[in-house]
Amino acid sequence: MERRNFIKGALMATGGLFLGGSAIHRLMDDKEDVNSSLPSTIEKIHQGAGKNVLILMSAGTRKGNTDRLTDAYIKGIVERGHTVTKVYLGSMRVEGCRGCGACQRQGHGCVVQDGMQDIYPLFEKCDVVVMASPLYFWTITARLKAFIERLYAISVEDKYPVKGTVLLMTSGDDRADTFKQPLQYFQVISDVLGKQPLGYYCAGGCTGCEDIGRYIDERHLDRVYKMGLELL
């Protein structure tokens, strides 16, 4: 019953305002050291005294609807005082799991040398992982799915690090069952990572690359910003 109510509770409507990660960085903490050894696809947005939050933005384009929704959430959690690192999966090469099993035989390190080698230490240190994705063929992006698959490398006897989870999604469709499949999968991932979901927001009715301009209703951005303020 709880899982059914979880799925029915998805917020859907329509969404607009752009505030990029770098803009948030300047507004929220302009004294932050921007000289980082991390690749440009990984952005350290804020260092705070609260939780360590890892943001995985899996849309293929920056400044689109999913990125805007993500940055509105980031603005809230930065104001709340949390440490925030944002990863642009769409700008990285992250393969899916090959199923070779080498990780389970050789010290739980993945033999595939790609962008995941930069993400593993960030995931290890974070308290909360935020997965942001547009709806592609009724589920999350292949980029985000590849990240999830590759977590198998750090599992020990099918046990995974305990992390809080948040899901942010956008879609052009806004029917009652639009986000049903990704929400079910999100519940599975949250269970695997050992905690109940900390929150989710699903913004339907957006316009994408098929139209002249991308559009997300500003109500979504305001709501998800307030949701970020509630992360304790």
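How many of the 15 residues of H3 are buried? The legends below start there. This is a predicted model, in which local features need pLDDT of at least 70, side-chain atom pairs count only at pLDDT 80 or more, and totals for chains, interfaces and linings use all residues. Residues are numbered from 1 along each chain as its sequence is written, and side-chain values use heavy atoms, with hydrogens and water left out.

**View 1. Helix H3, residues 65-79.** Here 13 of the 15 residues are buried, so H3 is largely enclosed by the rest of the structure. (Buried is under 20% relative accessible area, exposed over 50%, partly exposed in between, with a 1.4 Å probe and protein chains only; helices, H or I, are DSSP runs of at least four residues and strands, E, of at least two, numbered from the N terminus.) From first C-alpha to last, H3 reaches 22 Å, close to the 21 Å expected at 1.5 Å a residue, where the expected span is 1.5 Å times one less than the number of residues. After H3 comes Gly81, with a positive phi near 100°.

**View 2. Phe137 in the loop between strand E4 (128-134) and helix H6 (142-150).** Phe137 isn't a glycine, yet its phi is positive, near 50°. Its side of the story is an exposed one, at 80% relative accessible area.

**View 3. Glu157, in the loop between H6 and strand E5 (164-170).** Glu157 is another non-glycine with a positive phi, about 55°. At 71% relative accessibility, Glu157 counts as exposed.
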